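Subject: Structure handover

Hello,

Here is the structure for your files, with the notes that go with it below. Please read them with the model open.

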Amino acid sequence: MADFKSSLFGDHSFLEFTLQDNTIEGCPAMTIDNNVRVELWDNGILYFHPQDDLALNSILLSVGVHGNETAPIEIIDQLVREIFSGKIPVKHNLLVVIANPKAIAKNCRQCDENMNRLFSQDSMPNSNSSDECLRCHRLMIHSQIFFQRAKAQKIHYDLHTAIRGSVYKQFAISPNSIASPATEYQYELLGQWGIQAILSTQQKSSTYSAFTARVCGATSFTLELGQVKPFGENNVDEFASIISGLTALISDTRDLTMLPSIVERFSVVGEVAKQTESFRLCFSEDTVNFTEFQKGDILAIDHNYQYVVSANGERILFPNENVAIGQRALVIVQSEDNIKASIL
Ligand SMILES: [Zn+2]
């Protein structure tokens, strides 16, 4: 098997090369097995384009928006390795994005600010902008160019791991504004990949997946695949069904061993922002995502404010006291079955 990748990345893997913080001159390109053109659009941004098919889906796979969420970064590096070795044939347009290499190199969630709050066309970078803001601006441009070329379905998976444990170990967040056959198909597919819960949200958001859904018209998901661990400490077995699902998607094959599974559906019913330095969460630090509370429970207090659970069955998601003032510190979700029952 020809070692195609060496002409793009030398002796390094895509990840190792990306973490060297290279400035990419022009657009280095090559053709690999199965007549697939590969272009390095920017540091950490790799485009695969099969030359001989017209009705191609466009799939964006992004990782490392948060630099310490290592499992998805390792998964993508392995997938790219296997594409270059010829083990995974690429049958659709594919853009692979390592989003925040500087934070990954420093082994931290973010260098200056949370990149997943910056995907908004309102926040144009200037001379005082953070590294994350500058990088985010480039990611938005590359993502738009990628999806503008789409001839068929546009799909984006932004892969993360969460700070806390979760009642549902692997879950997805869907920012897509309307239910459509494409989103329903994706829900089914994600169930087969082992995703146990899907949270729909129509809240205005500046996450990467919300940006591609809103601006690029993609069917987009943030996938939370487990808990944050350092490089080398992830258990690959926990991600086996996600890896085989992504492989099947890229290579346009069907894994017939995968069975449909029931995916719990949730909706966002509220968000709590940190308004002052007095903000405190009222449950223990080891309370996991999707923990259920009862009507009357107090979940957060702030200066002159408290959040009180207004209906049985409300659950918490992404609690974080340590966000900047004004940012979201807690999401409240409710199962769609409960919401329907309360309306009837
Ligand atoms: Zn994350």
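**Strand β4 and its neighbours**

Ser-58 stands opposite Lys-154 in β6. Before going further, please keep in mind that this is a predicted model. The pair belongs to a run of six bridges that joins β4 to β6, and these two strands run parallel. Strand β5 (residues 93-98) is also joined to β4 by six bridges, again in the parallel sense. There, Ser-62 has Val-97 as its bridge partner. To get from β4 to β5 the chain passes through α3, and this β-α-β crossover is right-handed.

How many of the six residues of β4 are buried? Six of the six are, so β4 is largely enclosed by the rest of the structure.

**The zinc ion**

The zinc ion is coordinated by His-66 through ND1, by Glu-69 through two OE entries, and by His-160 through ND1, at 2.0 to 2.3 Å. The angles among the four donor atoms run from 58 to 146°, and the site is irregular. For reference, ideal angles at a metal are 109.5 degrees for four tetrahedral donors. Along the sequence, the donor residues follow the spacing H-x2-E-x90-H. His-66 sits in the loop between β4 (58-63) and α3, whereas His-160 is in strand β6 (residues 154-162), so the pair ties together parts that are 94 residues apart in sequence.

Are the two histidines buried or exposed? His-66 has 5% relative accessibility and therefore counts as buried. His-160, at 2%, counts as buried too.

**Nonpolar cores**

The largest nonpolar core has 49 residues, and those with the most contacts inside it are Leu-46, Phe-48, Phe-84 and Tyr-157. Helix α3 (residues 70-84) supplies the largest share of this core, with eight residues. Apart from it lies another core of 21 residues, which includes Ile-45, Val-65, Leu-95 and Val-97.

What does Tyr-157 touch, leaving aside residues up to four places away in sequence? Its contacts include Leu-60, Leu-61 and Ser-62. Also among them are Gln-186, Leu-189, Leu-190 and Trp-193, as well as Phe-221, Leu-223, Leu-246 and Leu-249.

Strand β1 (residues 29-32) pairs with β2 in the antiparallel sense over four bridges, and Ile-32 stands opposite Val-36 in β2. The two strands form a hairpin with three residues between them, and Asn-34 in the turn has a positive phi of about 60°. Asn-35, in the loop between β1 and β2, likewise has a positive phi of about 60° although it is not a glycine. Most residues other than glycine have a negative phi. The relative accessible area of Asn-35 is 38%, so this residue is partly exposed.

Strand β2 also makes a hairpin with β3, with two residues between them; Gly-44 in the turn has a positive phi of about 80°. Six bridges join β2 to strand β3 (residues 45-50), and they run antiparallel. Asp-42 stands opposite Ile-45 in β3. Six of the seven residues of β2 (residues 36-42) are buried, so β2 is largely enclosed by the rest of the structure.

**Two loop residues**

Asp-21 lies in the loop between α2 (14-18) and β1. Its phi is positive, about 60°, although it is not a glycine. With 45% relative accessibility, Asp-21 counts as partly exposed.

Met-124 is found in the loop between α4 (101-105) and α5 (131-148). It counts as exposed, because its relative accessibility is 53% and the cut-off for exposed is over 50%. Met-124 and Leu-134 are ten residues apart in sequence, with 8.6 Å between their C-alpha atoms.

**The sheet of β11, β12 and β13**

Three strands form an open sheet in the order β11-β12-β13, with antiparallel pairing. Its edge strands are β11 (280-281) and β13 (305-308), each of which pairs on one side only. Two bridges link β11 to strand β12 (residues 298-302) in the antiparallel sense. Leu-281 stands opposite Ala-300 in β12.

Regards

Notes: Residues are numbered from 1 along each chain as its sequence is written. This is a predicted model: local features need pLDDT of at least 70, side-chain atom pairs count only at pLDDT 80 or more; totals for chains, interfaces and linings use all residues. Side-chain values use heavy atoms; hydrogens and water are left out. A nonpolar core is a set of buried Ala, Val, Leu, Ile, Met, Phe, Trp, Tyr and Cys residues joined through side-chain atoms within 4.5 Å. Buried means under 20% relative accessible area, exposed over 50%, partly exposed in between (1.4 Å probe, protein chains only). Contact means heavy atoms within 4.5 Å. Two strands pair if DSSP finds at least two bridges between them. Donors are N, O and S atoms within 2.8 Å of the metal (3.2 Å for Na, K and Ca); water is not among the atoms, so sites may look incomplete. Four donors count as tetrahedral if all angles lie between 85 and 135 degrees; four count as square planar and six as octahedral if opposite donors are over 155 degrees apart and all others between 65 and 115; anything else is irregular. A crossover is right-handed if, with the strands pointing away from the viewer, the path from the first strand over the helix to the second runs clockwise.
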